[in-house]
Amino acid sequence: GKYRKDDRHTAAYEIGGTFADVNTLKLKQEFYFNDSNEGHQDYNDAQDYKLKVSFNREWTKQWSTSNSYTYETKRYERRSVAGINVSQQDNTNTYDFSLTYKFTPSVDLTYAWKHKRNRSNDVGQAYIDVTNSLALTTSF
């Protein structure tokens with residue numbers, strides 16, 4: 001009999017550094033593709049490329065910010081767009097921002113904002129998602 005096989009092949013790297021003792025800049029690139037021999041999972045077979053740039057800054061011992069931008073393009077191998085007979089392709093832009101206040105070394109409060117926009121040649125897959133969150137975190 002035929003055995004199901006789901007593979008994900010990934011290549012990635014990340015470089016970054018700290019400067020002026022309070023700033024961190026990072027660049028990350030990633031490429032992966034999914035490949036399945038199972039008919040239902042073929043729907044998710046895709047090639048994906050991501051590029052992420054992030055910048056973090058510690059303003060004081062209590063206040064810090066984090067910012068990032070991610071670009072992602074994904075081309076599905078076997079997911080056709082209805083009516084135009086081409087493979088679905090998505091292009092996503094994501095912006096993240098967070099502001100953290102550290103009450104003590106083990107307790108902090110973080111506000112985070114995220115804006116994600118997906119453009120697709122399949123109109124039903126295009127969207128804009130905006131998230132706001134507030135988190136109180138403790139570690140011990």
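This is a predicted model: local features need pLDDT of at least 70, side-chain atom pairs count only at pLDDT 80 or more; totals for chains, interfaces and linings use all residues.

Reader: With which residue does Glu77 form a salt bridge?

Author: Side chains of opposite charge can pair when their charged atoms come close. A salt bridge requires a side-chain nitrogen of Lys or Arg within 4 Å of a carboxyl oxygen of Asp or Glu. Glu77 forms one with Arg75, the closest N and O atoms being 3.5 Å apart; Arg75 is partly exposed, at 32%.

Reader: How many salt bridges does the whole structure hold?

Author: The search finds three. In one of them, Asp48 and Lys74 have their closest N and O atoms 3.8 Å apart. This pair joins distant parts of the chain, with Asp48 in strand E3 (residues 46-58) and Lys74 in strand E4, 26 residues apart. Asp48 counts as buried because its relative accessibility is 1%. Lys102 and Asp108 form a salt bridge as well, at 3.7 Å between the closest N and O atoms. Lys102 is partly exposed at 32%, whereas Asp108 is buried at 15%.

Reader: In what order do the strands form the sheet?

Author: Strands (E, at least two residues) are DSSP runs numbered from the N terminus, as are helices (H or I, at least four). Two strands pair if DSSP finds at least two bridges between them. Here seven strands form an open, antiparallel sheet in the order E1-E2-E3-E4-E5-E6-E7. Strand E1 (6-19) and E7 are the edge strands, each pairing on one side only. E5 and E6 pair over 14 bridges in the antiparallel sense, and Phe97 stands opposite Trp113 in E6.

Reader: Which residues does Gln89 touch?

Author: Contact means heavy atoms within 4.5 Å. Not counting residues up to four places away in sequence, Gln89 touches Thr73, Lys74, Arg75, Arg119, Ser120 and Asn121. Gln89 lies in strand E5 and is partly exposed, at 32%. Its C-alpha atom and that of Arg119, 30 residues away along the chain, are separated by 8.4 Å.

Note on methods
Residues are numbered from 1 along each chain as its sequence is written. Side-chain values use heavy atoms; hydrogens and water are left out. Buried means under 20% relative accessible area, exposed over 50%, partly exposed in between (1.4 Å probe, protein chains only).
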